[in-house]
Amino acid sequence: MVPSSIRRSLLALAATAAVVACGLAAGTTALAEGPIILTTPYPTIETQPGSTVKLDVDVATMSTDAVDLALGGLPDGWTATMRGGGFVIHSVTAAPDTPAKASLEIDVPASAAPGTYPITVTGTDGAAGTSTMTVTLDVAAQVDNGIELAADFPSLKGDPATDFSYNITVTNNTPEQQTFTFAPTGPQGWTATASPTAEARAETVTIDAGANSTVKVTATPPATVEEGSYPIDVAVTAANGATGNIELTAEVTGTPKLDLATSDQRLDVSGHADSEKRVPMVISNSGTAPLEDVKMAGTAPTGWDISFDPKEITEVKPNETAQVTAIIKPGKDAVAGDYALTVRSSAGSESSNLDLRFGVQGSRTLGIVAIGVIVVALAALAGVFVKFGRR
């Protein structure tokens, strides 16, 4: 039987050993590497082909340590880069009370098919401890990427000589400041430009998160544009690859242009007194809208008459012509000589005048009488010569 005094000594020794063992265990736990914690505020992102996604990544540890970062799960053709402090990085130094920050950039190729793509970020510390975070990209054909576009007046009306100017408000609904570029396009032959209203020579504008800015878009049609409705597309692209689009409309009303000419381009006409002279004429429309209700009129000397066949033309379409005949009848007492006439055509606010010179030729009857008088006179003279010649 063990004496009680020895038993008490053995128990005390065992207790002391237990305390030391606990202390050693506690010391080992305190010195061991703690867990790595990888986080991002937006682990699931919806995006579209051809975009660039930028995400913040926080790296925290239980003790100050360097953590290597590696990316995995990238599909073929995709690229991703870790950045920090303006550099491309492969590791960060993390601390318990100050997590390290990095930026993850993922370039989605334009050929990416719609679908879900998980991408992993793995952190490894000096003691080979690891932690993995997954970022999921849902690629869709079209998404709401935080760019809001609105026009004060998306549809404008004007004639071909008009510059169509629109004001577009661009709102940045993304969580960070973005620089935006603009690419307006119009139909073939049109000129389209865009610039911030604050600086007409600038090609980009920087907008803070949640703020907006106004962009002026100007579309100029060619002089030969026809009447109709034309689309003006404006694409807006942010520095992070996000895109937005708005379609504007230019309503070209068109304007007619009336021209009047003789069919042979000559401005001198001749005829006899009290006799009709028919002069073919051409009405042409070189404008971009129809000529409607074309009317004809003329001004001539007193006693003359001018009429037209037809008297009125219902419509002349753009780049087309119509025929009309001016019927001119000099007065019966008009003597030989040149006379001035004016022919006019009008259609609404359009009009065209043509000045003609009409040469009245001598009367045939008077010519015959004159010839008769001359013949009689010659006969009389001949008789005189014969009579006095015999003497």
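Predicted model: local features only at pLDDT ≥ 70, side-chain atom pairs only at ≥ 80, totals over all residues.
1. At least two lining residues come from each of β2 (44-47), β3 (52-61) and β14 (178-185).

2. The space within the largest pocket amounts to about 660 Å³. Sorted by class, its lining holds 16 polar, nine nonpolar and five charged residues.

3. Lys54 deserves a separate remark. Is Lys54 buried, partly exposed or exposed? Lys54 counts as partly exposed because its relative accessibility is 38%. The C-alpha atoms of Lys54 and Ser103 are 6.7 Å apart in space, while the two residues are 49 residues apart in sequence.

4. The next points concern salt bridges. In general, side chains of opposite charge can pair when their charged atoms come close. The whole structure contains six salt bridges. One of them joins Glu105 to Arg83, with 3.1 Å between the closest N and O atoms. Glu105 lies in strand β8 (residues 100-107) and Arg83 in strand β5 (residues 79-84), so this pair ties together parts that are 22 residues apart in sequence. Glu105 is buried, at 16% relative accessible area, whereas Arg83 is partly exposed, at 33%.

5. A salt bridge also links Lys329 and Asp274, at 3.7 Å from N to O. What does this pair tie together? Lys329 lies in strand β26 (residues 320-329), and Asp274 lies in the loop between β21 (268-272) and β22 (277-285); the pair therefore connects parts that are 55 residues apart in sequence. Lys329 is partly exposed, with a relative accessible area of 31%, and Asp274 is partly exposed as well, at 42%.

6. Lys257 and Asp259 form a further salt bridge, in which the closest N and O atoms are 3.5 Å apart. Lys257 counts as partly exposed at 41% relative accessibility, and Asp259 counts as partly exposed at 27%.

7. A nonpolar patch on the surface is formed by Ile374, Leu378 and Leu381, which together have about 300 Å² of accessible area. Leu378 is part of helix α2 (residues 364-390). Why does Leu378 count as exposed? Its relative accessibility is 53%, and a residue is called exposed when this value is over 50%.

8. The peptide bond between Asp309 and Pro310 is cis, with omega at about -5°. Pro310 is located in the loop between β24 (305-309) and β25 (312-316). Gln265, a residue other than glycine, has a positive phi near 70°. Gln265 sits in the loop between β20 (258-262) and β21 and is exposed, with a relative accessible area of 59%. Asp293 also has a positive phi, near 55°, and is likewise a residue other than glycine. Asp293 is located in strand β23 (residues 291-299) and counts as partly exposed at 39% relative accessibility.

Conventions. Residues numbered from 1 in each chain as written. Heavy atoms only, no water. Patch = residues over 30% accessible without salt bridge, like charges linked within 9 Å, V, L, I, M, F, W, Y side chains within 5 Å. Areas by Shrake-Rupley, 256 points an atom, 1.4 Å probe, with all protein chains shown as cover. Salt bridge = Lys/Arg side-chain N within 4 Å of Asp/Glu carboxyl O. Helix = DSSP H or I, 4+ residues; strand = E, 2+ residues; numbered from the N terminus. Buried < 20%, exposed > 50% of the residue type's maximum accessible area, 1.4 Å probe, protein only. 1 Å grid on protein atoms, 1.4 Å probe; cavity = no way out; pocket = protein on both sides within 12 Å on 5 of 7 lines; lining within 4 Å. Points joined across faces, edges and corners; volume = space filled by probe spheres on them. Nonpolar A, V, L, I, M, F, W, Y, C, P; charged D, E, K, R; others polar.
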